[in-house]
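Biologist: I have the sequence and the coordinates open. Can you walk me through this one?

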Amino acid sequence: MEKTSFRDAQTVTNLQAVIAAARTEKTTTTSDWKQALPVLTGSVVTLRELRISDAMSLLAMLSTEEVARFISPPPTTVEGFERFIAWTHRERAAGNYACFAVVPHGMDTAIGIFQVRQLEPGFGTAEWGFAVGSGFWGTGVFMDGARMVIDFAFDTIHTHRLEARAAILNGRGNGALRKIGAMQEGILRKSFLRNGEYLDQALWTILDEDWKSQRVVWGVRIH
Ligand SMILES: CC(C)(COP(=O)(O)OP(=O)(O)OC[C@H]1O[C@@H](n2cnc3c(N)ncnc32)[C@H](O)[C@@H]1OP(=O)(O)O)[C@@H](O)C(=O)NCCC(=O)NCCS
C-alpha cells in the first residue's frame, strides 16, 4: 500500500490557507474537494479534513510500534505532525492528494487517517493508504471509513484504478484489503525499505467498475 507520506511533509508556510480551509470545511460539496475536503458521515466514523489540532491525537495513535511497524515512519513530535497536516492541505489544494481524518462518532479528534494520492496526473490511477490507532482495530472503523474513501476516489476524483501496497508481513493490512474486496495482483519483491531491510509487498487493486457493481450488492443488503 501507499507509504504514508509523512516523509514529504515540509515546513508550515501557509497557516492562513489552512485555517481558511478548516472554516469552509462544513459547507464543502463533493465537487470542490481541492478547496476543502467534503465531510463524509458513515455509520461508525466521520471522515473530514485534518486539523492542526489533530496533531497530538495522531501522534498518540500512529506512532506506536504496532501501528508504525509496516508504514513509513510517522513524525515523532506534535510539531512534526503539525507540519505533516499543513503539507496535506497544500497537496490537496494542488490537486495531488487527499488525506482524511478518521473521527469516531462521539469524538472530536482524529484517531487515524485515510490517504489517496494520484499516481498519474488526473488521478486515473491512484494509490490509497490508511492507519488507525490500535485501540480501534477490529471495531468496524476501517470498513466504514474505507467504503467512504473508495466511494470518494471513484465518484468524486474519478479514479479508474485504485492501488494499495501492503508488506507481506502485515497480516492486518492484507486482511483488511482482502475484506474490502481488493484483488491481489502480485508481489512487489523487496519494494519497501523499512528499518534497513527491504520487504516484499503485495499489490492490491480495486477497479471502478468492480466497486460499483459490488456497491449495488451492498445497496440491497439488509442491516
Ligand atoms: C490496516 C488497518 C487500518 C486495518 O484496520 P483493522 O481495524 O485492523 O481492520 P479489520 O479488523 O477491520 O480487518 C482486518 C482483517 O485482517 C484479519 N487479520 C488480522 N490479522 C491477520 C493476519 N495475521 N493474517 C491475516 N489476516 C489477519 C482480521 O481478522 C480482519 O478480518 P476479519 O474482520 O474478517 O476477521 C489497521 O490494522 C492499522 O492501522 N494497521 C497499522 C497501519 C497499517 O499497517 N496500515 C496499512 C498498511 S497496508
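Modeller: A term before the sheet: two strands pair if DSSP finds at least two bridges between them. Keep in mind that this is a predicted model.

Biologist: In what order do the strands of the sheet come, and what is the pairing?

Modeller: The order is 1-2-3-4-5-6-8-7, in an open sheet of 8 strands with mixed pairing. Strand 1 (40–41) and strand 7 are the edge strands, and each of them pairs on one side only.

Biologist: Which way do strand 7 and strand 8 run?

Modeller: Antiparallel: strand 7 (residues 183–194) and strand 8 (residues 197–207) are joined by 8 bridges. One partner to look up is Tyr198 in strand 8, which is bridged to Leu193. The hairpin has 2 residues between the strands, and Asn195 there has a positive phi near 50°.

Biologist: And how many bridges join strand 5 to strand 6?

Modeller: There are 3, and those two strands run parallel, with strand 6 covering residues 161–167. Opposite Thr125 you find Arg161 of strand 6.

Biologist: Arg165 is in strand 6 as well. How exposed is Arg165?

Modeller: Arg165 is partly exposed, at 21% relative accessibility. The cut-off for buried is under 20%.

Biologist: Back up a bit. What is the mean pLDDT?

Modeller: It is 89 for the protein, and 83% of the residues reach 70 or more. The stretch to treat with caution is residues 7–30, where pLDDT stays under 50. The model has 36 contacts beyond four places in sequence for that stretch.

Biologist: Overall numbers, please. How many helices and strands?

Modeller: The protein has 7 helices and 8 strands. Of its 223 residues, 51% are buried. The accessible surface is about 10600 Å², and carbon and sulfur atoms account for 53% of that. Taking contacts between residues at least 6 apart in sequence, 66% join residues at least 24 apart.

Biologist: On to helices. Is helix 5 enclosed or exposed?

Modeller: Helix 5 is largely enclosed by the rest of the structure, because 13 of its 16 residues are buried. Its length also checks out: at 1.5 Å a residue, residues 141–156 should span 22 Å, and the end C-alpha atoms are 22 Å apart.

Biologist: What follows helix 5?

Modeller: His158, with a positive phi near 60°.

Biologist: Which residues of helix 2 are buried?

Modeller: In helix 2 (residues 55–62), they are Ala55, Ser57, Leu58, Leu59 and Leu62.

Biologist: Aromatics next. How many aromatic pairs does the structure hold?

Modeller: It holds 12 aromatic pairs. Trp87 and Tyr97 make a tilted one, 4.9 Å centre to centre with 55° between the planes. Trp87 lies in helix 4 and Tyr97 in strand 3 (residues 97–104), so the pair ties together parts 10 residues apart in sequence.

Biologist: Is Trp87 buried or exposed?

Modeller: Trp87 is buried, at 6% relative accessible area. Tyr97 is buried too, at 1%.

Biologist: Why is the pair of Phe114 and Trp128 called stacked?

Modeller: Because the ring planes are at 10°, with the centres 6.4 Å apart; the cut-off for stacked is under 30 degrees. Phe114 is in strand 4 and Trp128 in strand 5, so this pair links parts of the chain 14 residues apart. Phe114 is buried at 0% relative accessible area, and Trp128 counts as buried at 1%.

Biologist: Which residues do ring pairs link into a cluster?

Modeller: Trp33, Phe100, Phe123 and Phe152.

How values were computed
Residues numbered from 1 in each chain as written. Predicted model: local features only at pLDDT ≥ 70, side-chain atom pairs only at ≥ 80, totals over all residues. Heavy atoms only, no water. Buried < 20%, exposed > 50% of the residue type's maximum accessible area, 1.4 Å probe, protein only. Helix = DSSP H or I, 4+ residues; strand = E, 2+ residues; numbered from the N terminus. Expected span 1.5 Å × (residues − 1). Contact = heavy atoms within 4.5 Å. Areas by Shrake-Rupley, 256 points an atom, 1.4 Å probe, with all protein chains shown as cover. pLDDT = per-residue confidence, 0-100. Phe/Tyr/Trp six-rings, centres within 6.5 Å; stacked < 30°, edge-to-face > 60°.
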